[in-house]
Amino acid sequence: MTYRHARPRTDLPRPPQAQALAGSAHVWFDTVERVDGTQRTLDAAASWPDLARPRAILPNLPNDRPLVMGIVNVTPDSFSDGGTAFTLEAALARACAMVAAGADILDIGGESTRPGAQDVPVVDEIARTVPVIMAIRASGITTPISIDTRKARVAEAALGAGADMINDVSALGYDPDLAAVAVASRVPICLMHAQGTPQTMQSDPRYDDVLTEVYDYLAQRIDLAVSLGVDAAQVITDPGIGFGKTKLHNLTLLRGLSMFHSLGAPILLGASRKRFIGTISGVEDASLRMPGSVAVALMAAGQGAQILRVHDVAETVQALALWRALTGEGATT
Ligand code: HH2
């Protein structure tokens, strides 16, 4: 297997041979590292035009800057904010505040997938998420909504209530019917890597080479989705930070994140408030991990990630506004 890794840069001015990384207005590359076993070769960016091609994300959203996806967990037990948006009123208020703070997408979830979490029955997950989506739409908010679920029936109900995208942390591995929902609705679907299930994933995660193994897995899941009738242009990929990964696995994936552009799909990254941020910064309380989360979001932005899934929308939007002003072509004028 040969891996192509566009080396991301944001410094200015750009040399004439610079290419926009996956259509980014801020991240560019002029070199692609080709890795085949132990052999490493450097190619000019122009040899690989697919790496410069803009990715389709969601209609009416820009695809040349990182989008901020605000997390609304309608759960009693999510790892950092469980119970804080568990009523309809609280979830709606959270969604409205995130939109006012500049969220580009809202990700509504009714089942925690934190390590050790138990499955939530379909009827309960629908009862948690669908009224929230309906209330958001009834309030006049048109911001695209993603439904964070592994289950076909939940996705179907959420799309019927006004959701625009499916976020499946099992990458079609949990519910065999979910692909058909994506095919029929034609909405974007995020396929995320996880090793194991939420019940088992943090017991002893192991990889020989985490970057290439996660890459290979996502490539296989994209192929599977396409074989089931999903349009490749619908697929969004996610390396699954914290899902069956140690601190070192997470850091390796973050450092190598831009390699995932060669899968041809937009990259979604969900690192917000996760354990490795607390471990590295010495902050045990997950709700206090905003600064570390913003640091990781900026690192991901610098690698051309298209969607950043975060709890702290206002802070991330502010950080990205500065990052955008300091990078990108417009920054020179
Ligand atoms: N992480 C979580 C949930 N959904 N979806 C994607 N695509 N990527 C992620 O990294 C991701 C995700 C876990 O975070 P959170 O929703 O805050 O917690 P919980 O699962 O406990 O509700």
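Which residues does isoleucine 166 touch, not counting residues up to four places away in sequence? Isoleucine 166 touches Ile147, Thr149, Ala155, Leu159, Leu178, Val181, Ala182, Val187, Pro188, Ile189 and Cys190, where contact means heavy atoms within 4.5 Å.

The structure described here is a predicted model, in which local features need pLDDT of at least 70 and side-chain atom pairs count only at pLDDT 80 or more, while totals for chains, interfaces and linings use all residues. Residues are numbered from 1 along each chain as its sequence is written, and side-chain values use heavy atoms, with hydrogens and water left out.

**The nonpolar cores**

Isoleucine 166 also belongs to the largest nonpolar core, which has 75 residues, and is listed with Leu106, Ile108, Phe260 and Leu269 among those with the most contacts inside it. A nonpolar core is a set of buried Ala, Val, Leu, Ile, Met, Phe, Trp, Tyr and Cys residues joined through side-chain atoms within 4.5 Å, and buried means under 20% relative accessible area, whereas exposed means over 50% and partly exposed lies in between (1.4 Å probe, protein chains only). The largest share of this core, 7 residues, comes from helix H5. A second, separate core has 11 residues, including Ile57, Leu58, Ile105 and Met165.

**Helix H5**

Helices (H or I, at least four residues) and strands (E, at least two) are DSSP runs, numbered from the N terminus. Helix H5 covers residues 210-227, and because its 18 residues should span 26 Å at 1.5 Å a residue, the distance of 25 Å between its end C-alpha atoms agrees; the expected span is 1.5 Å times one less than the number of residues. The buried residues of H5 are Val210, Leu211, Thr212, Val214, Tyr215, Leu218, Arg221, Ile222 and Ala225, and they pack against strand S1 (2-6), strand S10 (189-192), strand S11 (235-238) and helix H6 (247-255). Just after H5, glycine 229 takes a positive phi of about 105 degrees.

**The ligand**

There are 18 residues around the ligand, of which Ser78, Ser112, Thr113, Asp238 and Lys274 come nearest; a residue counts as near if one of its heavy atoms lies within 4 Å.

| Residue | Part of the residue | Ligand atom | Distance |
|---|---|---|---|
| Threonine 113 | polar backbone atom | oxygen | 2.7 Å |
| Aspartate 148 | polar side-chain atom | nitrogen | 3.0 Å |
| Lysine 274 | N or O atom in the side chain | oxygen | 2.7 Å |

Taken alone the ligand exposes 480 Å², and the protein buries 99% of that, with accessible areas coming from the Shrake-Rupley method and a 1.4 Å probe.

**Residues in the loops**

Proline 266 lies in the loop between H6 and strand S12 (268-269), and it counts as buried because its relative accessibility is 2%. Leaving aside neighbours within four places in sequence, proline 266 is in contact with Arg55, Ala56, Ile57, Val235, Ile236, Thr237 and Gln306.

Leucine 172, in the loop between strand S9 (165-168) and helix H4 (178-185), has a positive phi near 70 degrees and is buried, with a relative accessible area of 11%. Arginine 186, found in the loop between H4 and S10, has a positive phi near 60 degrees, but arginine 186 counts as exposed at 64% relative accessibility.

Technical notes: Polar contact = N/O pair within 3.5 Å; in protein donor to acceptor, adjacent residues only side chain to side chain.
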